[in-house]
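Hi,

Here is the structure I promised to hand over. Please open it alongside this note; my findings follow below.

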Amino acid sequence: MEHDEIITQVRDTITKICSDFPGQYWREKDREQAYPEEFVQALTQAGLLACLIPEEYGGSGLPLRVAMEIVMAIHENGANAAACHAQMYTMGTILRHGSVEQKQKILPEIASGKLRLQAFGVTEPTAGTDTTSISTTAVREGDHYVINGQKVWISRAEHSDLMVLLARTTPRDQVEKRTHGLSVFIVDINEACQAGMEIRPIRTMINHATTEIFFDNVPVPVENRIGEEGKGFSYILSGMNAERILIAAECIGDANWFIETAKNYANERKVFGRPIGQNQGIQFPIARAYAQTQAALLMVQKATQLFDDGHDCGAEANMAKLLASEASWAAADMCMQTHGGYGLAEEYDIERKFRETRLYQIAPISTNLILAYLGEHRLGLPRSY
Ligand SMILES: Cc1cc2nc3c(=O)[nH]c(=O)nc-3n(C[C@H](O)[C@H](O)[C@H](O)COP(=O)(O)OP(=O)(O)OC[C@H]3O[C@@H](n4cnc5c(N)ncnc54)[C@H](O)[C@@H]3O)c2cc1C
């Protein structure tokens, strides 16, 4: 089947699935800060979360273009893919850099939905965006590594079986470049929790199942290291383009939801005896948000095409995330303003999605760091950080 046809089918499936999970479902989960388990199960059963896993490992072997449409459609339907999107790109680290044994053991289990690989452990409290300054260590002792340290903002760890973890295996002052000496591990979360790992949830302004994780002499078998020791930073970087493109697609989905919601309300709501959408003060911000979103979508599509064709897409993936997160935030603000007081009422879902879409200018990478990347790598300006 052609990819266009697959995309049409997949979008229909998502619309159907999302109709079983209306605003009320998301509002309840949001209020209780509860994981949308039933929604994730429905996506898993439909095979949607395994779309990027090659067919030989039980997935559908589809290009990023299809994954991008999947998460976009989820957000356009008022739902949220954050509960499960990590599985799509995190498994890429194993796929590209894992051993044959690791791939054969793990990928089919992820594809079938038996195992969840939703957690990605990079960020630390003291290092922040400066990833090469992380201080969580993995010290080799015979047939295993011993992990000590702390991670923060590790999402979905309580709802995942496995976590891809970045830790320092050679101290920073003993490596030639600061990007060297970092290694990536597959951590079995249940086993680790019985051997010194502690997960503590962080309550946030959105329902994101995010946590902090403490490692106290946690053993991880050597066979769980992905690729070569010391080269983990490059393995993590190689997965970041897919992550940024998928997050950008979620932002476009959010922006489309805000625009559609605002458009419908502006046509229906009558004040001073006419639809509010007849006023240019209401109509033009909706039109502007639409134009901004369409422009951002072009960059998301360009980055996706480059990625699927195997070309370098670092700058485009970053620009897609930057532009799409700004477009979704502008659309959120416009939608809230269009609704007047009702924008703040929970039952309209605008305030919830408004909070949710704000995250994307901060995570997985903040706007300033994208601008710094473009300044240095595309424009040849001096490195600013
Ligand atoms: C809800 C949520 C979920 C997350 N999930 C995960 C996850 O699953 N796994 C994971 O590993 N991480 C996760 N993160 C972490 C996320 O990637 C980081 O929060 C993000 O990269 C920013 O890092 P920081 O919060 O440490 O900010 P900091 O690095 O402390 O930066 C603070 C501010 O200063 C700015 N800044 C810093 N340095 C510079 C500079 N040189 N020039 C200009 N501006 C600068 C930044 O842009 C930012 O605005 C999550 C975060 C959140 C909030």
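Helix 11 (350-358) is among the elements that cover the buried residues of helix 2. Keep in mind that this is a predicted model.

Which residues of helix 2 are buried? In helix 2 (residues 23-32), they are W26, K29 and D30. These residues lie on the same side of helix 2, because they span an arc of only 100 degrees around the axis. The face turned away from the buried side of helix 2 carries Q24, E28, R31 and E32, which are exposed. Just after helix 2 comes Q33, with a positive phi of about 50 degrees.

Next, the core. The largest nonpolar core has 117 residues. Within this core, A67, I245 and V300 touch the most other members. Helix 8 (residues 232-268) supplies the largest share of the core, 18 residues. Take V300 as one case to inspect. Leaving aside residues up to four places away in sequence, V300 touches M68, I245, A248, A249, I252, A320 and A324.

Last, the domains. The protein is divided into domain 1 (3-112), domain 2 (119-232) and domain 3 (234-378). The centres of domain 2 and domain 3, taken over C-alpha atoms, are 31 Å apart. Domain 2 puts 10 residues into the contact, and domain 3 puts in eight. On the domain 2 side that touches domain 3, six residues are nonpolar, three are polar and one is charged.

Best wishes

Definitions and conventions. Residues are numbered from 1 along each chain as its sequence is written. This is a predicted model: local features need pLDDT of at least 70, side-chain atom pairs count only at pLDDT 80 or more; totals for chains, interfaces and linings use all residues. Domain bounds come from an automatic or database domain assignment. Two residues are in contact if their C-beta atoms, placed from the backbone, lie within 7 Å. Ala, Val, Leu, Ile, Met, Phe, Trp, Tyr, Cys and Pro count as nonpolar, Asp, Glu, Lys and Arg as charged, and the others, Gly among them, as polar. A nonpolar core is a set of buried Ala, Val, Leu, Ile, Met, Phe, Trp, Tyr and Cys residues joined through C-beta atoms within 7 Å. A residue is buried if 20 or more other C-beta atoms lie within 10 Å of its own, exposed if 12 or fewer, and partly exposed in between; C-beta atoms are placed from the backbone. Helices (H or I, at least four residues) and strands (E, at least two) are DSSP runs, numbered from the N terminus. The arc is that of the directions from the helix axis to the C-beta atoms.
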